[in-house]
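Subject: the structure I promised you

Hi,

Here is the structure we talked about. Have a look at it on screen while you read my notes.

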Amino acid sequence: MLKSLTSVFVAIFLLTSLIAFSANVVTVTVNAAAILKTLPNTAFGLNVAVWDRPTLLNKKLPLLLKALNVDILRYPGGSTSDKYDWKSNSMVTGWHLYPQENNFDNFMKLVHEIDAQALITVNYGTGSPKKAAAWVKYANVEHNYNVKYWEIGNEVYGDGFYGPDWESDFHKLKGPQAYAENFIKYAKAMKAIDPDIKIGAVLTCPYTKMWHPSWNETVLRMAGKYMDFVVIHWYAVKGKKVTDSAILNSTDKIPRILAQLKADIRKFAGSSENGIQIFITETNSTLHNGLPTTTLVNALFLVNDYMSWLQGGAMNVDWWDLYNRGAVGKTTVKLYGNPKYGDFALLSNGLVKGKNVNVLPVNTPFPDYYGYMMLKYFVKPGDDMIGSYSSCKTLNVYASKRSNERVALMIVNTSPNISYKVQLKFEGFEPQSIAQEYTYGMGNGVGGAMTSIDKKDISLSTPLEVRPYSINVVVIKSQRIIKIFGPQVFQTTRVERSTISPKQIETVQANFTNRFGTLPNAVIVLEIYNSSGQMVGQKIVKNVNLNVNQPYTVVWDWKAPNVTDTYTVKSFVFGRYMIRTFSSSNNAAKFVVEK
């Protein structure tokens, strides 16, 4: 009897273990033939400020920034920009001088020392087109600093026109019409000095409390042809009871924000998003109750924040910020890492507002510094972002392809307590069996994080183990160089309607003709991506025999989601094992879902 009971218990244990293991097995698919976009050389930015202490000339800073591969430094710092006089390095009233180590020339010294670019926010609130043009002349004509990117004002919509009043603005007339009119004056004056510069206009961020559709419409309609890029700021979670899960789930909102911005640009400025680019020049997880900003959770947020914007088409994302100042906070919500104070910075400046707290020494990295560092192991300017998909909601995945045929995969586990076994599936790519893995996650360091990034070789013959609250980058070499074979298979794809309503059926018809020989057991893959580069639908047809000059047609009825956006159909013909690519169309067809 005892033996029978023991056998039953063992069987139950094994069954329970099997179910638990199966539940934690996740498939991640990477389509190396599906090109989403090429990462620009403006992608990874960071805010610095004239008030920074330690100053921009502190000796450790260049090495700390070089380790991150920062592309752009934004200056002179948030709302200070709208009351800053660059000549005197002071507020326009002249009563407050900032450290001379942080003046414009020393800022540019740092920019050049780390091989970055500059993004300057000119003074709209208390300045003038003449003063802004003088800054361009000083920078690019007299000193050859070659500052390409300039934005007109900071959060100008916060000048009291809509009620809240945090931004300095001495103009008699305020609001979107006044800003658009003055923006044109700034743009003309500045480009008269250097016609090669790019100038950005301030918009409000859709689907946030700061969103004012009338502002965006007016500014784009009136000044669209004078702008090269638009600027928004995004602080993900508002309120006093900020939770870890709210922060980590917040990046799901980014595709909707981007879709609205792109639609507004097309509708009101008469330009595609490729004509007027999108910059996110300030972002962090939260403004209120910044306690989570010093924990591992903020590092997880940072990588999802950057990659969601960039994969979705933004040309620049600037973290807020390099140095800030800690603030002791209180919360009734349990937060990972049990933080005693918050700080929006990558590096500690050794200061905190509040009492009874041990402050980290100057230049000590917070976890989000290492999160930022993980980005450089994953993707660099010039690399292609490629299609990827995770079967698990709490595993965020991104993929890139380098010119040397290496594929990199970033997996972010936002679950605090579940490990996953990740099975990798590749399309249009044959991986070597050994890969490099970079990992950053839970540890005994600041904010419950590791004290450094772990690097090791791993085998791809078994599933990847992805631990809770972790960032994982896997760099994989190709088994052999596989170029697209062709033209062998010619294809044409069309959709039934160019515009449909949410939840309607869109019929996709793809026609394939093989012109140069028999292709047995081919695999045809149709994929639909939203404008943020997320795969939202896939149809796979296997064992297709493509004989010479015998057309083959695939018809796919796809139900649209309840999301207004522009969708792209990508179409591929792979060999039997989905390694060789015989035909690839990354813009096979487009259609719009519109309410």
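Below is what turned up, starting with the barrel and ending with the salt bridges.

First, some ground rules. This is a predicted model, so local features need pLDDT of at least 70 and side-chain atom pairs count only at pLDDT 80 or more, while totals for chains, interfaces and linings use all residues. Residues are numbered from 1 along each chain as its sequence is written, and side-chain values use heavy atoms, with hydrogens and water left out.

**The barrel**

Eight strands close into a barrel, in the order β2-β3-β6-β7-β8-β9-β10-β11, with parallel pairing. On average, neighbouring strands of this sheet are turned by 30° against each other, direction ignored. (Angles run from 0 to 180 degrees between N-to-C directions, and axes are lines fitted to C-alpha atoms, for helices over the stretch in contact.) Strands here are DSSP runs of E with at least two residues, helices are runs of H or I with at least four, and both are numbered from the N terminus. Two strands pair if DSSP finds at least two bridges between them. As a reminder, strands of a sheet pair through backbone hydrogen bonds, either parallel or antiparallel.

Strand β2 (residues 44–47) pairs with strand β11 (residues 316–319) in the parallel sense over three bridges, and Gly-45 has Asp-318 in β11 as its bridge partner. Helix α9 (residues 296–311) packs on the sheet and touches β2, β9, β10 and β11; contact means heavy atoms within 4.5 Å. The direction of α9 makes about 160° with that of β11.

Next, find strand β7 (residues 149–152). Are its faces covered or open? Both are covered: Tyr-149 and Glu-151 on one side, and Trp-150 and Ile-152 on the other, are all buried. (Buried means under 20% relative accessible area, exposed over 50%, and partly exposed in between, with a 1.4 Å probe and protein chains only.)

Strand β6 (residues 117–122) runs parallel to β7 and is joined to it by four bridges, with Thr-121 standing opposite Glu-151. Strand β8 (residues 198–202) also runs parallel to β7, over three bridges, and Tyr-149 has Lys-198 in β8 as its partner. Helix α4 (residues 129–142) forms a right-handed β-α-β unit with β6 and β7, and helix α5 (residues 176–193) forms a right-handed one with β7 and β8. Right-handed means that, with the strands pointing away from you, the path from the first strand over the helix to the second runs clockwise.

**Salt bridges**

A salt bridge here is a side-chain nitrogen of Lys or Arg within 4 Å of a carboxyl oxygen of Asp or Glu, and the count comes to seven. Glu-151 forms one with Arg-74, with the closest N and O atoms 2.5 Å apart. Glu-151 lies in β7 and Arg-74 in strand β3 (residues 72–75), so this pair ties together parts that are 77 residues apart in sequence. Both residues, Glu-151 and Arg-74, are buried.

Asp-228 and Lys-191 also meet in a salt bridge, at 2.9 Å from N to O. Asp-228 sits in the loop between α6 and β9 and Lys-191 in helix α5, so the pair ties together parts 37 residues apart in sequence. Asp-228 counts as buried at 16% relative accessibility, whereas Lys-191 counts as partly exposed at 26%.

Happy browsing!
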